[in-house]
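Me: I am new to this structure and would like to learn how to read it. Could we go through it together, one feature at a time?

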Amino acid sequence: MITIKEHSTLKAAAKYTGQIKGVTHGLYNYPAPFSPYFASAAIETFTTPGELVLDPFMGGGTSIIAARVLGRRAVGFDINPLAYFVARSKSRRLSRQQVSSIQEWSNHV
């Protein structure tokens, strides 16, 4: 059973029509975008930190990213090889060395 506040949060997230922004949404414009606001609201409402989120049609990985940001474990599948590549690229954890290299590179650009 969800609370009135959770219901309101889910409803507002589902109706959001503004520009979609998210942790990694700017990396690639997937042809069927899914709101990170709604994904986050649903994951936060129906799961608790540490639980597993399954997305059998992960597309660009929006729900996978939202789950990880919210402290959930996540597994996703997609029949489309491009979707798999995009989601894997967006959700891959970088080492400190990799982050440092990227920051150094961006300072030169």
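Reply: Let's begin with a term: buried means under 20% relative accessible area, exposed means over 50%, and partly exposed lies in between, using a 1.4 Å probe and protein chains only. At 30% relative accessibility, N80 therefore counts as partly exposed. This is a predicted model, where local features need pLDDT of at least 70 and side-chain atom pairs count only at pLDDT 80 or more, while totals for chains, interfaces and linings use all residues. Residues are numbered from 1 along each chain as its sequence is written, and side-chain values use heavy atoms, leaving out hydrogens and water.

Me: How many bridges join strand β1 to strand β2?

Reply: Two strands pair if DSSP finds at least two bridges between them. In this case four bridges join β1 (residues 52-55) to β2 (residues 73-76), and the strands run parallel. As an example, V53 has A74 in β2 as its bridge partner.

Me: What unit do β1, helix α3 and β2 make?

Reply: A crossover is right-handed if, with the strands pointing away from the viewer, the path from the first strand over the helix to the second runs clockwise. Together, β1, α3 (residues 62-69) and β2 make a right-handed β-α-β unit.

Me: Is S63 buried or exposed?

Reply: S63, which lies in helix α3, is buried because its relative accessible area is 8%. Contact means heavy atoms within 4.5 Å. Leaving aside residues up to four places away in sequence, S63 touches A39, I43 and D55. Across the protein chain, 29% of the 109 residues count as buried.

Me: And where is I102?

Reply: I102 sits in helix α5 (residues 96-108). With 44% relative accessibility, I102 counts as partly exposed.

Note on methods: Helices (H or I, at least four residues) and strands (E, at least two) are DSSP runs, numbered from the N terminus.
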